[in-house]
Amino acid sequence: EESAMRNELLTKALDKLNEREREIFEARRLRDEPKTLEDLSQEYGVSRERIRQIEVSAFNKVQKAVKNMAQKALAPRAAALPAATA
């Protein structure tokens, strides 16, 4: 169940990326054999450093989106719990 929830959150988070960000993120982070910065730089006609920057930016966007969605999903559960007493 937890794995399914993680996959769902990741899928929704990937929707926050534009096409190029998503393709680079998937090529570098989600494949069994990730593409190299060099391969992607040739494919997109930009420097390896630019690919790295896009990858980092996409990762940060995905991480933030997953965190926000997870907090929203857990908020109703937390509200239903009784308040802790000191």
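First, the ground rules. This is a predicted model, where local features need pLDDT of at least 70, side-chain atom pairs count only at pLDDT 80 or more, and totals for chains, interfaces and linings use all residues. Residues are numbered from 1 along each chain as its sequence is written, and side-chain values use heavy atoms, with hydrogens and water left out.

Side chains of opposite charge can pair when their charged atoms come close. A salt bridge here is a side-chain nitrogen of Lys or Arg within 4 Å of a carboxyl oxygen of Asp or Glu. How many salt bridges does the whole structure hold? The search finds 10.

Start with Arg22. Its closest contact with Asp15 is 3.2 Å, N to O. Asp15 is exposed, at 56% relative accessibility. Arg22 is partly exposed, at 26%. The cut-offs: buried is under 20% relative accessible area, exposed over 50%, partly exposed in between, with a 1.4 Å probe and protein chains only.

Arg22 also pairs with Glu26, at 3.0 Å. Both are in helix 2, residues 19-29. They sit four residues apart, so about one helical turn separates them. Helices are DSSP runs of H or I, at least four residues, numbered from the N terminus. Glu26 is partly exposed, at 25%.

Next, Glu55 and Arg29. Their closest N and O atoms are 3.0 Å apart. Glu55 lies in helix 4, residues 48-80, and Arg29 in helix 2, so this pair ties together parts 26 residues apart in sequence. Is Glu55 buried or exposed? Glu55 is buried, at 6%. Arg29 is partly exposed, at 40%.

Finally, shared partners. Asp15, Arg22 and Glu26 join into one network of salt bridges.

Methods. Helices (H or I, at least four residues) and strands (E, at least two) are DSSP runs, numbered from the N terminus.
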